[in-house]
Each structure stands twice: as C-alpha cells, then as structure tokens.
Amino acid sequence: MTMEAENDFSSGLPAQCDYALPQAHSNPLVYETFNTFIYDGERNIGLNPNLIHVRGGEARERSAILLGDGRQYFSMSTGRYTDPRAPGDDTYVYRCLEPFKRWRYSWNGMAELASFQDQSQGHVSHGGEQARVSVELVAEAVSEAWVMPLSTGPAFQLGEPEFEGDSYLGKYEQLLRADGRVSVNDESWEFSGSGVRGHVRGARDTAGMAFHSWICGIFPSGRGFNLKQLHDEAGNPYFSQAYLLDGHKAVRAKILQTPDLVRVPQQPEYEVVLQTPAETARIRGFNKLTSWVPIGEWGGIFKTPDHAAYGIFGNGYGLVQEARMIMSQGFARFEWDGEEGYGMCELSG
C-alpha cells in the first residue's frame, strides 16, 4: 500500500488526538476505546481487534476472529501500558505509527471458541475451547477522520466535540485497508482486508438507546460509505450521521434507509440508501460473518472507574431469542452500481 504525503487525514485534529491520553482525565468517568473491524472478503476472515476501555495506563481488550467455516474466537484481557502511542496489554497492542495514517495491530495470546453454529442455537457461556491466536497487521487510512459527537444515549448527548488544550473529547472514525497474517493454532493465512477504525474519548451512558445500526464499506474504485444511526425507545432516531467517500474526503450524507436487526442466523439481504446533494446511493448488503451479544439493556457500561465486568461483553455470546436486546457484529459484502466491496455491519434491537 502507498500513501500520498500531501493527503491530510486528520480533519484538523492535533496528532496527539490519535494517541491515548498520557494520564487519566480529570473526569473519573472519561475513558477511551480503540475499536477496529477489518474484513478480508476473498478469504472470508473477519477481525475485530478492540480496546474497549483505556484509561490512565490500563487497557481492557475484547477482540475477535471470525472464520468462514464457522469458528469464532474471542479474547478478553486486562493489562498495563506506558506508551500513549501504543495502548494495550500483554495480549494486544494497538500502535499508532503515523497519526491518522498508519497503525500496527499485534494480538498474540489465547482465545476461546464460540462457534457460529452454537451461537445460532442460543446462549454460549464464556469458557469455550482455547486456541492460540496471532494477528499481525499494518493498516493505512483511505479516508479523512470523520469527526462527530459522542454516540451515547439520548439523555447523555454532549453536543459537539470538545477540546481542552490538546485533549479531545468526542469521536472520530476512518475507513482503512490492512495487510498482514492471521494464525489460529497451527493454521495460518495471509490477510488483506478493509474496514473501519474508531477512537472514542469521553464519558458515555447509552441508557435510553433502543437499537442502532453502524455500517460501512469500501470498494476497489476508492468509493466508500459509513453510517451510524441510534434510536430511542420510541423508535425515533436521535443520532443519524453518514457520509459517502469521494477520494479521501467524506461527503456528508442523509440516511434514507438502513436495516434493522432480524433475529435469525442469516441476516436477509438489505439495502442502504444514502443521499448527498450530488447523488442518491443505493447499496445492497449481504452479511457474511456474524456473532451476537445478548444484552439486558443499554446503559450502565463502565460508568464507574472500578467497574469489574466487561459491560455487555460479560454476558457471553449467542442469538438469545428471549434477551431483551441483542447486538450483532459482523462483516459484509456490498454491491454498489455493479461494483463489489467489503466492510462491516453492526446492528442491535
């Protein structure tokens, strides 16, 4: 992969915003997440390296490998780090090589099996068969940073992103491509995929959120899209933002259509419709790899510094029909004007 030096992917954010805070924020409720979804559609392998709670030199990780034969591996760990450019622990390190442009993902440790087949039948508890996994990737941005307010519950919207010196409170995402290698026990695969990275910093409480959609895709021509829509318990979208990728620039778009979660193992074909002043994009989606998280309710996730659990991720896995809410996380193939691309699809409801 090559990177044109003249391209500015930061959207005006200082370089320090792409690192973890060097020390804990003065607000005890503020923490960070570094979440990435990358899909190799040719090999049908999906990766979700994810630091779900970073604060004051401590990181909690929840990462996943989804394979096309139905095996899915998940790891959870907690550890310390000293370099704000490389938050992580002994299992997973997320290193910023060049702010807003290049990153290295290194994940080496044990992960537990929770297969697609078992999850399709209902609840799967933690403690599945262990496997040694290894992921080494280098990723490069293909889009500028999409800067937005924190995505939280309807009663906890903080408005526009905030700055306290170089300390940024808010959220941004970038589409990216990544190359490297993935290994599970004695099996190993080359990996070349595309997806999205997000960095969130702030105090969040998703209480009052009923369902959401977060979907993105990248195409060989350089086109792409990204959307996020959150609904309250009355079904009204209180957060709705999207863009179409034009070169490296994100062109704001209105969301006209996006799918809801369907509680079946294979999400039916769906359509995403996004509108800019210049065009209306109709993009067909086909989910290829999916995992599920049963949720009692949104809200109350990491609201206190001494929270011992992993929030919603402490509930195991699976398409639990009786759960009040379910979140699906997965990888998808897209068709847009005859062009095929790949990306991710996260839904809840």
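This is a predicted model: local features need pLDDT of at least 70, side-chain atom pairs count only at pLDDT 80 or more; totals for chains, interfaces and linings use all residues.
Residues are numbered from 1 along each chain as its sequence is written, and side-chain values use heavy atoms, with hydrogens and water left out. Local features need pLDDT of at least 70 and side-chain atom pairs count only at pLDDT 80 or more, while totals for chains, interfaces and linings use all residues.

**Nonpolar cores**

A nonpolar core is a set of buried Ala, Val, Leu, Ile, Met, Phe, Trp, Tyr and Cys residues joined through side-chain atoms within 4.5 Å. Buried means under 20% relative accessible area, exposed over 50%, and partly exposed in between, with a 1.4 Å probe and protein chains only. The largest nonpolar core has 38 residues, of which Leu47, Ile65, Tyr105 and Leu137 touch the most other members. Among the strands that each supply at least two residues of this core are strand 4 (58-67), strand 7 (102-113) and strand 8 (130-141); strands are DSSP runs of E, at least two residues long, numbered from the N terminus. Apart from this core lies another, of 33 residues, including Ile52 and Phe313.

Leu137 has contacts (heavy atoms within 4.5 Å) that include Ile38, Leu47, Tyr105 and Phe191, not counting residues up to four places away in sequence.

**Aromatic pairs**

The structure holds 12 aromatic pairs. Rings of Phe, Tyr and Trp (its six-membered ring) pair if their centres lie within 6.5 Å; planes under 30 degrees apart count as stacked, over 60 as edge-to-face and the rest as tilted. Two of the pairs are listed here.

| Pair | Type | Centre to centre | Between planes |
|---|---|---|---|
| Tyr39 and Tyr342 | edge-to-face | 5.6 Å | 80° |
| Tyr94 and Tyr105 | edge-to-face | 5.3 Å | 70° |

Tyr94 lies in strand 6 and Tyr105 in strand 7, so their pair ties together parts 11 residues apart in sequence. Tyr39 in strand 1 and Tyr342 in strand 20 are 303 residues apart. Tyr39 is buried at 1% relative accessible area, and Tyr342 is buried at 15%.

A pocket is an open set of points on a 1 Å grid over the protein atoms alone where a 1.4 Å probe fits, with protein on both sides within 12 Å along at least five of seven lines; lining residues have an atom within 4 Å of a point. Tyr342 is also one of the residues nearest the centre of the second largest pocket, which is lined by 17 residues. Strand 11 (167-184) and strand 12 (187-202) are among the elements that give two or more residues to this lining.

Conventions:
Helices (H or I, at least four residues) and strands (E, at least two) are DSSP runs, numbered from the N terminus.
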